[in-house]
Amino acid sequence: MAEQTEQATKTTVTVVLDGREIEANPGELVIAAAERNGVYIPRFCYHPRMRPVGMCRMCIVEIDSGRGPALQPSCMLPVAEGMKVDTQSALTKKAQDGVLEFLLINHPLDCPVCDKGGECPLQDQTLAFGPGETRFVEEKRHFEKPIPISELVYLDRERCVLCDRCTRFAKEVAGDPLISFIDRGNHTQVNTFPDDPFSSYFSGNTVQLCPVGALLARPYRFRARPWDLDQVESTCTACAFGCRVALQSSANRLVRKLGVDVDPVNQGWTCDKGRFDFEAVNSDDRLGTPLVRSTAGPVNGNGGSPVDLAPTSWSEAWDRVIEGIGRARLRPGPESIAVLGGARLTNEDAYAWSKLARSVLATDSVDAQLGDGLPAEVVVGLPRASIDAACAAETVLLLAPDLKEELPVLYLRLRQAVVDGGLNLVEVSPVATGMTPYATVSVRYRPGEAAEVVRALVSGDGGVGAGGQSDAMRRAGELLRKGSLVCVLGRPSLAERAQPIAAAAAAVLDALPATTFLSALRRANVHGALDMGLAPGILPGRVSLDEGRRWFAEAWPAVPASRGLDAEGIIAAAAEGRVACLILLGADPLADFPDRSLARRALAGAGFVIAVDSFLTASSRRADVVLPAATYGEKGGTTTNIEGRVSRLHQKITAPGTARPDWMIAAELAWRLGGDLGFGSEDEVWDEIERLAPSHHGLTRARLASAEGFDGLLAGGVAEVGDHDAPPTMSGADAPGIQGPLGHTKDDSLATTGMGHDVHPDPQAGAEPAGAPAGVARAEAAAGAGGSGYADGDTPGEVERDADAVERSVEAEGSGRSGAFRPSGGGGDRGSTPQRPSPLRWSLVEPPPSPPPLDRYSLRLVSARKLYDDGTLVQNSPSLVPLAPGARIRVNPADLSPLGVVAGSKLQVSSSQGRVVLEAAPDPAVPQGSAVVAFNQPGPGAADLIDSTQPVTEVRIETLSGASGPTP
Amino acid sequence: MSRLSPDNEELARTIIGRYPRSRSALIPLLHVAQEQEGWVSRDAMAHIAELLGITPAEVLGTCSFYGMFKLEPVGRYVVGVCTNISCLLLGGEELLEHCEARLGVKAGATTDDGMFTLEDVECIAACTDAPCLQVNYRYFLNITHDQVDALFDDLRAGRRTDEVPVHGTLTRVRQHVAPERWSGHGAEGLPLPPGQAR
């Protein structure tokens, strides 16, 4: 009886594993249960993130399910009560030995010239489980080797053991089944269809998955041997999704980026842009020295070219910067200084620049976005959802650009949630996207009319809106109101203004107040930059300028009195000559601001332009001073992803020349202007963020460095979605540390060398910025810390410091419930210490502008980005350059046929801003009356057409023969 | 190398409509393509992929798995001579050598006039009537060298075409299935899971 009760309440399955009883989860595979309990069963085809297939037979072990022991594949068999598993029996060992001998029959054993040698699961497992020598004396099979199956991936079919990992990944995970098993039996090979390359945005994952050296990445091939690699954990900043990665270098050059399996974010995957963009960091075109415009050359703007910018020393560059800023401060005044950009920066960099702008430069005209996102209040002030929450929701409303192009791994996560989990996807977009095949319902809106369509959807008034869609509208409306709803919110098109999208979000929130939002802004650390206050009217920690003024006035030397301009305002003001000093923080408005002609006038009209950048871009070429900044992999700190998750970056290599981190540039600029930002290391910046920024309170360095912080920590009190009962994690994830390329064994030397979460070198420990400010800051920190526990600048041991931080965070959390905090220990008046300000809540203030009436001669322009574009990262990564598709104009065939235009012919496209010649691409997926041009492709394109002052941009198309305009 | 003809495309759409999931029609469509050309060309595979909403690589993966789908042009008549154990004991090897001499090509090759492709095949399940061969999968049992000569002469002269249709000719995929017997998931049937092409 008692036994029955026990049976009824028992939630685990008891299995005898190598003679000891273990508890496994119901439905768990034997191989996974064994691994969780410290017993490693060798495998090639099994991967915890993909369906088991039992292809390779390597994991066969002796299992007794009640009918006597027998050899069974442990990756195909779920645990059962009373099951006995013997992974060490003589029979098991003989079987595994035999399987390996078979796998090696056709394997060329060319390990000495194979890139995988040294980190190869086939090598490792042959050593551990296989035969010492082969009995096979016949001829092995031969293939041409290696063959390129895409621009990025080489395939060596002789080495392949046919484990089905790459082909399964392509089909199950990426949804791009462009590689397949071809032929049969002994002739089976992996290959593409002839002349149809494996052009998936996720092809690099197959290289990481491959358990042998059959798939090789072009950027890594013959670059290094695994035992020469050194690696750190980091976070990818190619987009804002924040994939956790291992960053590997050899001889002070980045050579490889590998995805790390972090359950709430990337689950081991990365996109190819993120995987291979490290080439840009190694580029010979990186800036290693400051540049100043020679006095002989054109002063600014028109005709600026790189020859006019001459290399110089930091001190001369600083003199020019101080002179330029000084003049602007004097006349017309500090409000004529503006800071554009900052999404490339780390959180620490962004905070330093935010503090510098507000408290030393005394301007609030700062904006990390370039008029190509959403109003900062909307991004910061809407109720938030995590990525997991979006995947677990009943319905996701997609009001965003093409996620496959802009946030590829978010596309993978949502795709998986749809295919495996039954998530309902309602897509509201001006044109079909990569997500459309997975949408339960797609609703198209005419550019400029998003707000009306969404309002009709949420109110259930299905009859309104785009014609012929009433059925789709009704179904979409039902799904939205059905249950938990997460809205993925971004800017679907740069050719329409952001306000209608904000109004649409407001309409959703108004009708369905329980809705939470996941941002789909794509630029690197744009969310961290906004959180750090790199937006007008917003102070660090997601508080408004007014709400946070008293709090920050306590800790900062000064806080601006009134709200400044956003990017559109700054650019418009600069074009009118009202910006005396423009600072570009890794910003390239000529490439990224939607309206290029306005951006061009702005750069010409700005008085003095300072660019802080890693490359000479179209915009920084026109600057008066260019300061070289360290970039990805060259500095530590933290970054924040779309859901507000803060995760760590680490330095792996040194920056070229005298390039330095942006926070250091900010600190020195402050010091040279007679101020002091008060920090001398990245860690000190983070401590100040944690102390002052309300949304980041409690995210201590100790927590970020702990096992918990390995996944990153959600800022702003957003809760993690509970237990992940779904797929088992990669091996070794229970003892945090980065797995090797396969993650197949905890003892893999590559997987642990320098990678243990607790032993990674702290890159910034002991780093001193050049010049005096660090010392000043350290002294200041030590002097001003009185009793607050922050005087750790001189504490030698990291361990002690971390322990300190844990204590502080515990303390802080204790008092957090009572609601009262002190901003700093540094000289505040204790008697009237302000309360920690509450976070900004956004609500719609002004209604969006209405688009002009429809005009039968014009097409409404839709413009969004592609994964590979004319951006700095792609254009400086040689492997990625050929992948940018180029600008074409996609138009519905019905709109093209009156002109007698066929695919490939040239069209003249004109708008109020200009005219460009583009190749025509008839596309029935584009609704009639719209025209699609990808943004920021090489050459003239969308930015030359978009009028950012209009609600929508209308274009007219003409055949070249009838046109009198310029031809390329 | 060509795509499916308009008639065959029409037939393909009918066949696709018979299945709950369109990709189930893959093998029947490959047969249609092979019937059209005598072999399955790349263009035909690409066309089938388009019709089914899958990738050409997936079509090739399936197509190349089956030896009866020919990925290279073959003769009008594909002659498969069995040399497995029963036939071997009763003169299969000699039969193959005779065919090679008679056609002037080695096993695996096609005659210059494009009439015959000769294959050395494993057991074709007619051991009781060894030696045997197939022409376009039609059996010729207990066959003698003289009978082979006569058969080749007849085929070359355009005789016995009822008995041995040209390579690729099918009967089964052309069967008529009344619409009321189509699966409920057919052309306009039940909705499919998201991401699943019809």
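## Chain A overall

Chain A has 968 residues, and 61% of them count as buried. Buried means under 20% relative accessible area, exposed means over 50%, and partly exposed lies in between (1.4 Å probe, protein chains only). The model is predicted: local features need pLDDT of at least 70, side-chain atom pairs count only at pLDDT 80 or more, and totals for chains, interfaces and linings use all residues. Residues are numbered from 1 along each chain as its sequence is written, chains are lettered from A and ligands numbered from 1 in the order in which they are written, and side-chain values use heavy atoms, with hydrogens and water left out.

Chain A holds 30 helices and 36 strands. These are DSSP runs numbered from the N terminus: helices are H or I with at least four residues, strands are E with at least two. Take the contacts in chain A with a separation of 6 or more: 71% of them come from residues 24 or more positions apart. Contact means heavy atoms within 4.5 Å. Accessible areas come from the Shrake-Rupley method with a 1.4 Å probe; for residues, only the protein chains shown count as cover.

## A three-stranded sheet

Three strands of chain A form an open sheet in the order E28-E29-E30, with antiparallel pairing. Its edge strands are E28 (637-640) and E30 (713-714) of chain A, each pairing on one side only. Strands E28(A) and E29(A) (residues 645-649) pair over four bridges. Two strands pair if DSSP finds at least two bridges between them. Within this pairing, Thr639(A) stands opposite Ser647(A). Helix H10 (residues 347-360) of chain A packs on the sheet and touches E28 and E29. The direction of H10 makes about 90° with that of E28(A). Axes are lines fitted to C-alpha atoms, for helices over the stretch in contact, and angles run from 0 to 180 degrees between N-to-C directions.

The loop between strand E27 (625-628) and E28 of chain A contains Thr631(A). Thr631(A) counts as buried because its relative accessibility is 13%. Neighbours within four places in sequence aside, Thr631(A) contacts Val281(A), Arg286(A) and Ser614(A).

## A nonpolar patch on chain B

Ile85(B), Leu88(B), Leu89(B) and Leu90(B) form a nonpolar surface patch, with about 410 Å² of accessible area together. Patches take residues with over 30% relative accessible area and no salt bridge; like charges are joined within 9 Å, nonpolar side chains (Val, Leu, Ile, Met, Phe, Trp, Tyr) within 5 Å. A salt bridge is a side-chain nitrogen of Lys or Arg within 4 Å of a carboxyl oxygen of Asp or Glu. Ile85(B) belongs to helix H5 (residues 85-89) of chain B. Its relative accessibility is 52%, so Ile85(B) counts as exposed.

## Backbone exceptions

Most residues other than glycine have a negative phi, and most peptide bonds are trans. Arg57(A) has a positive phi of about 65°. It sits in the loop between helix H2 (30-36) and strand E3 (60-64) of chain A. Ala362(A) also has a positive phi, near 60°. Its loop lies between H10 and strand E17 (366-367) of chain A.

The peptide bond from Arg331(A) to Pro332(A) is cis, with omega near 10°. Pro332(A) is in the loop between helix H9 (314-330) and strand E16 (337-341) of chain A. In chain B, a cis peptide bond joins Ala130(B) and Pro131(B), with omega about -10°.
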